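Got a structure open and some questions about its contacts? Let's go through it.

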Amino acid sequence: MLRINSEEAYNGLKNKLNIDDVSDEELLSSFLKTGNIDLYAALFRRYLPLMYGVCLKYLADKDASHDAVMDIFEDVLKKLPQYPVQNFKTWLSVVTKNHCLHILRKSNQTIFVKMEEAFVENEPFSLPIDKTQTEEEAEALAYCMAVLPAEQEQSIRLFFFANKSYADIVGITGFDLNKIKSYIQNGKRNLKNCLYKRLSR
Amino acid sequence: MTKLEDYIQGKRHGEEANRLEREAIDDSFLHDAIDGFDALESDHLLDIRNLDNDIETLVEKYRKPRIKRWRVVAVAASVALLLGVGGFFFYNQNSKIDRPIALESKASSVSSSENKTEPAIVERTEHPDRLERIAQADMPKVSPGKPASRLATSDIAPLIEQKEDASEVVLGAISPLAQNASREFSDSLSQNQLTANKHQALGGMSASQTSFNQLKGKVVDESGNPVVGASVKLGGTNLATVTDTAGNYQLKVPDLKHAGEITASYIGYESKTVSAEKALSIQLQPSQLALNEVTVVGYGVSKQKTLVGAVSRVKAKEQPTFAKKEFKDYFETHRQKEMCEEKAAFVQFRFFIDESGTPTKLEIEKSNCTELNNEVIRLLKLSPKWTIRNQNVELEIRLK
């Protein structure tokens, strides 16, 4: 009886829309309702390249990463009914990373982490570049860009305003790729602090 | 996702690439994934496709149990039915049929085993028997007159072993007969040819044995290129040769069939010993031991005026050290660029360097950024081996 229900739900979803157009959350709740493995698989596979890439980063090994993603598939399948998952992508990203770190700790014999004062503050911040700017914002942005160190200013301008890729910027400026990444990161942080100060005055 | 695939494949220019990179700045999932793909060279798309296929197989496994359960039930039911019906008939006819069948089957198994073993035994017992007559050698425990057909199957194995013993004893006995042989090598060679001939004369069992006794093969390096001038030696003997310009070698061996082991060696490579049957292609791996020092030593005493050569000492470059400072540099160059919003992100940790130079037992003492901790764990794992051994290390890293 349950099976028929889940098939109905699955076909219903398929008929209603192309399965690619269904949101993560919709797929997830349908899976939890019906237990249809195909719904879960469709959801999981959306993030296969991302998960595999993250594992490559941590494990630096093709086969180990392959196995890790396979394990995560079964892990997540077990965990999903137990955890109220709000944002599947974010949650999966954390699960993937933790899984890989767990493997690293295991292979490093008894690595264990004792954390004191570990806190994370990670507020998303978007530059007022794409948004329509007020006159005040535009003035502040121009000012803060001008006071940035030259390399940071140049990298930020090319990356955020001229839509150039890292590789493009290497070609234009001749800077080292890693340097460009850190110019952009630091520049963005400086810009944010500067804008915050100027606009809240 | 196709955007990401393009990017992985190296399409790094233009607005599409920029859009993905900007997305990655706010999306650590994407960011880490790109880092991962960039860190390793491989056909990532193919690897992902393989992974996808394996996931599909896994999904299939989860779909199956329902069907399987039905199958198990069906099979169990039919087995039960068969047992029931069969048991009924069996029980009814048991007393009448039981004995004759049992007897018959015993008889047939006995006769069949005899049929199989008989010819082999005849051949093999004959063999030592005739050799014995030639050499008049003493062969304990073998009773040649014993009729083969009376031997039980379990007797065959020891008999074959004894045969081997016997023929070796015979060889020893023949050697005085090979009067013209002056050197040990030609001795053993001619012995072998003698035995080879005899094996054939006796309708012998050594079809694989050639009369040349040349072991041929090739020595290659780790990437399959021929190794020129590698020495190839037959284990336990003085028989050796070197490979030619194509890496090939030919080695005359006394007994091709029982040649034993062959060792190939070459400077800068690990010596490799393989059994002669597998000696067709020997692959050497580069030696892990560093050639620290090559000292050219002269023997004998030379007067100053007769000494024309030069003595020099060449020291190999020192292995670069990898310790605290180097790790900090390594960390700085390899760490993820965008992390830790805190202004003064830091981590204090300690760990132990084991005897192989690998960090273990990491303890994070103090930290104000989880991302930083994770990077420490990741890069401790990936970094080169430390050049210090068996030591505790304490370290603090502050992000600039």
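Predicted model: local features only at pLDDT ≥ 70, side-chain atom pairs only at ≥ 80, totals over all residues.

Residues are numbered from 1 along each chain as its sequence is written, chains are lettered from A and ligands numbered from 1 in the order written, and side-chain values use heavy atoms, leaving out hydrogens and water.

Q: How far does helix α5 of chain A reach from its first C-alpha to its last?
A: Helices here are DSSP runs of H or I with at least four residues, numbered from the N terminus. The expected span is 1.5 Å times one less than the number of residues. For the 18 residues of α5 in chain A (62–79), 26 Å is expected, and the helix comes close to that at 25 Å.

Q: Which residue has a side-chain oxygen reaching a backbone nitrogen at the start of α5(A)?
A: A polar contact is a pair of N or O atoms within 3.5 Å; within protein, one must be able to donate a hydrogen and the other to accept it, and residues adjacent in sequence count only if both atoms are side-chain atoms. Here the backbone nitrogen belongs to A:Asp63, and the oxygen comes to within 3.1 Å of that nitrogen from the side chain of A:Asp61.

Q: Is A:Asp38 buried or exposed?
A: Buried means under 20% relative accessible area, exposed over 50%, and partly exposed in between (1.4 Å probe, protein chains only). A:Asp38 has a relative accessible area of 19%, so this residue counts as buried.

Q: Which residue forms a salt bridge with A:Asp38?
A: A salt bridge puts a side-chain nitrogen of Lys or Arg within 4 Å of a carboxyl oxygen of Asp or Glu. For A:Asp38 the closest N and O atoms are 2.4 Å apart, and the partner is B:Arg63. That pair crosses between chains, going from helix α3 (residues 37–46) of chain A to helix α4 of chain B. Both residues also belong to a salt-bridge network with A:Arg45, B:Asp52, B:Glu56 and B:Glu60, and the partner asked for is B:Arg63.

Q: How many residues apart are B:Asp329 and B:Lys325?
A: Their side chains meet in a salt bridge, 3.0 Å from N to O. B:Lys325 is exposed at 57% relative accessibility, while B:Asp329 is partly exposed at 41%. Both sit in helix α7 (residues 324–334) of chain B, about one turn of the helix from each other, so to speak: four residues.

Q: Which residue forms a disulfide with A:Cys144?
A: A disulfide is a pair of cysteine sulfur atoms within 2.5 Å, and the structure holds one over all chains. Its sulfur atoms are 1.9 Å apart, and A:Cys144 pairs with A:Cys194.

Q: Which cysteine sulfur is nearest to that of A:Cys55?
A: A:Cys55 is buried, with 0% relative accessibility. A:Cys55 is in no disulfide, and the nearest cysteine sulfur, 3.1 Å away, is that of A:Cys100.

Q: What accessible area do B:Leu81, B:Val85, B:Phe88 and B:Phe89 have together?
A: Patches take residues with over 30% relative accessible area and no salt bridge, joining like charges within 9 Å and nonpolar side chains (Val, Leu, Ile, Met, Phe, Trp, Tyr) within 5 Å. Areas come from the Shrake-Rupley method with a 1.4 Å probe, and for residues only the protein chains shown count as cover. One member, B:Val85, is partly exposed at 44%. Together the four form a nonpolar surface patch of about 440 Å².

Note on methods
Helix = DSSP H or I, 4+ residues; strand = E, 2+ residues; numbered from the N terminus.
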